[in-house]
Amino acid sequence: MTHYKINQKDVFFILKEQLNYGSLCSLDRYESLTEETLDLLVTEAIRFAKKAVAPLNEIGEEKGVYYEKGNVICPPEFREVFKQYGQDGWTAAARDPEYGGQGFPHMMRIVINDFMYGACQSFNMAPSLTHGAAHLIESFGTEELKKAFVPRMYNGTFSGTMCLTEPEAGSNLAATQTMAYPEGDYYRIKGNKIFISWGDHDIADNVVHLILARIEGAPEGVKGISLFVVPKYRLDENGQPGESNDVVCTGIEEKLGLHASPTAALSFGSKDGCIGYLCGEPNKGLAHMFQMMNSARINTGVSGMTLGSTAYQNALEYSRQRIQGTDVAKRKEGYVPIINHPDVRRMLLWTKAAVDGMRSMIYTSAFWAELAEEGADGQARKHYQALTDFMTPIVKAYCSDTGFRVCETAMQCLGGYGYCRDYPIEQYLRDAKIMSLYEGTNGIQAVDLMGRKMRINEGAMFEAFCREITSFLEKNRDHEGLGRYVGDLENAYARVREMAEEMRARNESDRIQWASYSYPALICFAELIMVWRLLDMALISYDRAGKKGRKNDFYRGKVAQATFYADITLPHVIERAMTCLRDGREIVEIPDAGF
């Protein structure tokens, strides 16, 4: 039996009843698709995740990866599944058929990753990064680069990476020191990169690095960074991997989790033999790379959510089966399953609500991104693009942090056994921790949200969010059964909006104080969205929840999680918003020696 567990009914409820994702088939790009086709894709993705990907979680944890004489050795099963993953179309499910894609809606890539990351986070980083790198080439590369690399990256023959971080340039990409020297129709690349996920391995025939470097003579800072395609092996006259391209792995990191995902340090051109090909315009590399970076940020949120999801499902199963203690109210005689104990039920209900809320937040953001890219109405597309941009740092930061908390709480449900390797939750916990650090730490995401996202285009992103949530509030504030909770959400929203306006002013007048409270401000927005999405599901479920019969327990669960989560969360949102505006300056004024 697989460790990976998911409630397929929860997934389809969000996709079909909340989002009506079948409506995407009315868009020109998807006119040949039907909702039934999308349903089949979801069902088959879950099946593949359970059958092919999930076994890798235990295999990878047991065998790990190891470094030997400049090469990284992975479990052989990873190579088999990576190839199958590409050949079966999962890597390029949402890409155009011209280069081997399946032509499904872009949001389905997020849905597929939900299942694949949950089944084996370490493994799915490889095809996910490969997809992002190939799509960069597809978007900005020459026809020669596209034909040489993209089809084989999508079909599982080659893999891809995102090469940004350097020893002296972590999140500060303006300090990038890797150089590119023009030489005919290519460039000589020279520099070092660190913390490169799947930067070296043996699960594909070639590793295609999408690397940021500075062309000789380029301006300083981010305005002088360009994007290059740098394969591990040069391609011969037949387009096959040939001689080494002077890309050397100098070591891999020893990590808390993700033991089957090699995190590599790479040397480019130590023997002056590394060739790279410009991808896109010179000095526009960071702008190009943002396509992959923003996708990676969303997928980091997906990872946190889905690890929390399978942790919750494992805790739920255990709680139903584990017999321990007596019923506190003596409703049942003898020892009872621990799901009868109120504190276990509290933890299960919170984790259930957290997972469902995050999944809805992520899928809704993906749906909006779809409408931004493929919608017909120009003004609507601008609105949905603004929403997508606003949501990206929230999804990344909140879902990565909360996914970890869900894993922690799920472990608590198991008691001491949760801490042991007999059950998979301890691995989920270790694997999930990195998500708050990946793709710009969550503090960086908060500064982006409360700074740039509140300011550019005269606050268009913030206003798009306000229009969307206000529409929901106005439509549902008088609901007979849930109107009170919608009213509580409206009250919290008003407080958060006031906080956001004041924070925007402080960004101009007292920037260091503003930055001190950017992260709790992001959490305020995130928890508003969580309650919004959960109440939306409760409203859809409300009528059926009131009907008799066990078949309606599913809908009663949707209502219960929403009312519970709203009541225990919104008071904290209001108080947290107030703390963001406090005048105390301890954070900035405590002397360094006072810590």
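Mentor: A helix, in the way the word is used here, is a DSSP run of H or I that is at least four residues long, and helices are numbered from the N terminus. Keep in mind throughout that this is a predicted model.

Buried means under 20% relative accessible area. Ser360 counts as buried because its relative accessibility is 0%. Leaving aside neighbours within four places in sequence, the residues in contact with Ser360 are Ile14, Gln18, Arg533 and Met537. One of these, Arg533, has a side chain that is joined to the side chain of Ser360 by a polar contact of 3.4 Å.

From here we can turn to the nonpolar interior. In general, nonpolar side chains of soluble globular proteins tend to be buried together. In this model the largest nonpolar core holds 173 residues, and the members that touch the most others are Val42, Met107, Phe115, Phe228, Phe465 and Phe525. The element that gives the most to this core is helix α16, residues 518-545, which supplies 17 residues. To see what such a member has around it, take Phe115: once its neighbours within four places in sequence are set aside, Phe115 is in contact with Tyr4, Ile6, Val11, Val42, Ala45, Ile46, Ala49 and Tyr363. There is also a second, separate core of 29 residues, and among its members are Val208, Leu210, Ile225 and Ala296.

Strand β7, residues 225-231, lets us look at both cores again. Seven of its seven residues are buried, so β7 is largely enclosed by the rest of the structure. Ile225, Leu227, Val229 and Pro231 point one way from this strand, whereas Ser226, Phe228 and Val230 point the other way. Of these residues, Phe228 was listed in the largest core, while Ile225 was listed in the second, separate one. As for its partners, β7 pairs with β6 in the antiparallel sense over seven bridges, and within that part of the picture Val208 stands opposite Pro231. With strand β12, residues 275-278, β7 pairs in the antiparallel sense over two bridges, and there Val229 has Tyr277 as its bridge partner.

Trp198 lies in the loop between β5 and β6, and Trp198 is buried because its relative accessible area is 1%. Its phi is near 55°, a positive value in a residue other than glycine. Phe195, which has its place in strand β5, residues 186-197, likewise has a positive phi, near 55°.

A helix can be enclosed too. Eight of the nine residues of helix α11, residues 425-433, are buried, so α11 is largely enclosed by the rest of the structure. The buried residues include Tyr428, Leu429 and Ala432, but also Glu426, Arg430 and Asp431. What they pack against is α3, α8 and α10.

For contrast, consider Asn491 in helix α14, residues 483-509. Asn491 is not buried but partly exposed, because its relative accessible area is 36%.

How values were computed:
Residues numbered from 1 in each chain as written. Predicted model: local features only at pLDDT ≥ 70, side-chain atom pairs only at ≥ 80, totals over all residues. Heavy atoms only, no water. Core = buried A, V, L, I, M, F, W, Y, C linked by side-chain atoms within 4.5 Å. Buried < 20%, exposed > 50% of the residue type's maximum accessible area, 1.4 Å probe, protein only. Contact = heavy atoms within 4.5 Å. Polar contact = N/O pair within 3.5 Å; in protein donor to acceptor, adjacent residues only side chain to side chain. Pairing = 2+ DSSP bridges.
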